[in-house]
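Dear colleague,

Please read them alongside the coordinates when you have a moment.

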Amino acid sequence: MTAELVRGQNHPLPGSRVEIRVTADTPVIAGATFNDEDGRMRDAGWIAHPAEPHLPGVEVSRQAAAVHRLAVDLAAVPGDVRRVNILLALPARTGGPARFAGLAAPCFAVTGLDGQEIAGYEVTGLSAESAVVALELYLRAGAWKVRAVGQGYADGLAAMLADQGLSDARGLADTIDEAVAAGTARSVAPPPQQPARRPGAVGGESADAGRAASTGGPLGEQPAATADQPAAPARDGAPVAGGSGPVDYRHPRRAAATPPAGRQPSPQPAVPAARPQPAAAPQGGPGQDTGPVAGDAPGWSMEERLHNQVWGMFEDLARTVAAYRSAVDFADTRMERELEAVLGDPRARVSPAADAARAEARARHGALVEQARTVLERDIAQLEAEAEVVEPALPPALARWDNPVWQAYEPPAERPMSLRVGDLSLAESGGLRIPLLVRLPLERGLWIDSGRPRGSEAGPADQDELRRLAGRTATVLAAHLVAVHPAGQLTLHVIDPAGSAATALLPLVESGALRDPPAAGASGLARTLERLTQRVDLVQMAVRSGATDALPPDLDVADQLLVVHDFPHGFDDRTVNQLRYLADEGPSVGVGLMMVADRDEARGYGPVLDPLWRSLLRLTPVPDDHLADPWVGHAWTYEPPVVPDGSQVLPQVLRRVVAARRSAGG
Amino acid sequence: MTVNLSKGQAISLQKSDGGTLTAVRMGLGWQAAQRRGLFGKRTKEIDLDASAVLFADKQPVDVVFFRHLVSDDGSVKHTGDNLVGGAGQGGDDEAIMVDLQRVPVHIDQIVFTVNSFTGQTFAEVENAFCRLIDETTGQEMARYTLTGGGQYTAQIMAKVHRQGNGWQMTALGDPANGRTFQDLMPAILPKL
């Protein structure tokens, strides 16, 4: 339990060895003085400062720095020392600020050896002072305690030392300043990147800074050479590192808003080769400027983490766009209201004042929209960076067809948890595409809508093109489903009553992924439906009565996927009902449904089909904005999966699927 | 260090070292009332609800309460409805997290309210408090005691509003009556 001290307050120390961490806005000198029982320094040897960093029991840094870590062993200090003062001073000869006024309050944290913070103190209220006794560790009744002092000295170190009874205070102060100036001169170039610190989190500076500084050696500090460019702590979580700060790729919410207890997993993240991954940052270093990492989400397996990460990105994009749209809406309404107010006064309508008011309203509108756009662009840049690392790391089930992962495709040992059925985007999201994932096994059937997109007047030629594209999309999706199931664990059935989808089905037929030829004609259609219906009935019965071992031996225990092309061609009332039955009951016993259909053509069946359409996930063969997200309800533009033109990846993958099935004895 | 705010008192959410707060949490805690009846079936349970209303230029834009747990933009999150309060003391039974950096640019005020959904007045609630916590450090910045609040069923607790580049919190502490935040809207609007 940390005690946040106020000036004058004291707190017992649990042990004799403590560390004191100092965080300041600018490089400062940290030192320590010993006092005897009269509160005086016995001689000039009772001070640890940059020129003389070691005293028995106390070690300070040789340089001015924005972050210090002082090691104190109270058991080792000379016996007649009753008080150890911890002091800060601004270096006089490095061109830095001469007073604490305007600087952020220096923060002190007293920690035990285990890093546990014992007490914290923020030295507030400093203004003209250039040196301050911040803390004192003092011996009272045989036990050491810490007290927050915060005594500042406008006349600097010399005045402070004189106050502690040192005769040649001026001389010693000069020695210290010289040493610091010399230290600055010889210090090496600053490291390329300072670890960003969370502002003001007392003792919460990044573990890296702490680790390095704990040696107490000069390498531990941020060299004072950066004084001309004040080592300002990262504000607002923005990246620090000079003026040309790189984009802060840390996740805006999933990392920052996490309570310290750490929801953030530290998996062995899959890192694409191009992007070296800094050593997994502990939670203590939230300011670490690490890039996005694939799999940066909770989950038991990499697959689950990636799945959750994609959904996290989906939600983030939905919400950041919601914020943007809400701001723009508000700006529009406000401008309208203001312009109307100008119009409301007929006499002033054409006066210069009215013109000014109009210009003012427009400027306010522009400024707000601009602000909102900046935030949006920042967020989208972050998500794009994340997508850039996530996309190549996706396993086949979540990958696009142009992903190199397909080149090394092997049939998996287990069914994946989800499948990518396309990409989603919003008008504001630029080139960013979020994978649309559905859980496997499919709880809802898929409906690839070959009908005209809403509101467009497509001619018959376009209509044919749409059908062709819909057929192709169905094949790509079916092939993807088969490929991500273990060998032989998903059996495809295709109904193509009029043979109109023959071209689209070629890859499935040629490779042998589709074992039986597509069912043609009304009779073939009826037979296929009959067989699947029977299977659903049998499995349901067996599951209900707990007699799964009583299933007929020739029953295909693999999951089934029925692809219906050209619905409702070739269907009659009876088969339509069977299809509805399959759509309702199939998913629970491993029978999935995918339909290519134009709803208009099935209008003849009347409203009885409405529940069927509603139960299916509608996808489109061309980009169309019809999918709503579950958080805000934006209309997302869906893009179907496509195999790159001229690519042989689909037949290759299917051949491997079939080969694996054969070798598995299927 | 906790500030016990009195009505109308404003505190800046700037940290004293100049850094701005990034995330705050409004916590609401109360103690369950004495149980009655043999099996605790006829308990006099008290359901207090915390809500946050997001305003842009005095127009309500979004609200976070037990039926809409996350603001559309994702910056304000409610941890979920607690129907009975805490058995013990001290902890927050409901909390609303605000990620101040992610609040949309046009939102300039966020008003926090507490309602007694089950209709008991604050005079009957034990150990009820509301507090504002710096989410990054867990430090309590302000605390409000509700108990003894008189014959009211709601309170407009505090508002967090933009001030320059940062945010400021003003304690309102206005008693009101109502079952949910909707009933309070007329009372909130003059406070903006």
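Of the 192 residues in chain B, 48% are buried. Please keep in mind throughout that this is a predicted model, for which the predictor reports an ipTM of 0.85 and a pTM of 0.64 for the complex.

To stay with chain B, its secondary structure consists of 12 strands and 1 helix, and, when the chain is read along its sequence, the order is β-β-β-β-β-β-β-β-β-β-β-β-α. If one takes the contacts in chain B with a separation of 6 or more, 66% of them are between residues 24 or more positions apart.

As to confidence, chain B has a mean pLDDT of 80, with 79% of its residues at 70 or more. Among the elements of chain B, the lowest mean pLDDT, 53, belongs to strand β1 (residues 3-4) of chain B, whereas the highest, 93, belongs to strand β6 (residues 76-78) of chain B.

Turning to chain A, helix α4 (residues 302-344) of chain A packs against helix α5 (residues 352-393) of chain A at an angle of about 175 degrees, and the axes of the two helices are 9 Å apart. Because angles over 145 degrees count as roughly antiparallel, α4(A) is described as roughly antiparallel to α5(A). Sorted by class, the residues in the contact of α4(A) with α5(A) comprise 22 nonpolar, 3 polar and 7 charged ones.

With best regards

Notes:
Residues are numbered from 1 along each chain as its sequence is written. Chains are lettered from A and ligands numbered from 1 in the order in which they are written. This is a predicted model: local features need pLDDT of at least 70, side-chain atom pairs count only at pLDDT 80 or more; totals for chains, interfaces and linings use all residues. Axes are lines fitted to C-alpha atoms, for helices over the stretch in contact, and angles run from 0 to 180 degrees between N-to-C directions. Helices (H or I, at least four residues) and strands (E, at least two) are DSSP runs, numbered from the N terminus. Angles under 35 degrees count as roughly parallel, over 145 as roughly antiparallel, 65 to 115 as roughly perpendicular and the rest as oblique. Ala, Val, Leu, Ile, Met, Phe, Trp, Tyr, Cys and Pro count as nonpolar, Asp, Glu, Lys and Arg as charged, and the others, Gly among them, as polar. A residue is buried if 20 or more other C-beta atoms lie within 10 Å of its own, exposed if 12 or fewer, and partly exposed in between; C-beta atoms are placed from the backbone. Two residues are in contact if their C-beta atoms, placed from the backbone, lie within 7 Å. pLDDT is the predictor's confidence in each residue, from 0 to 100.
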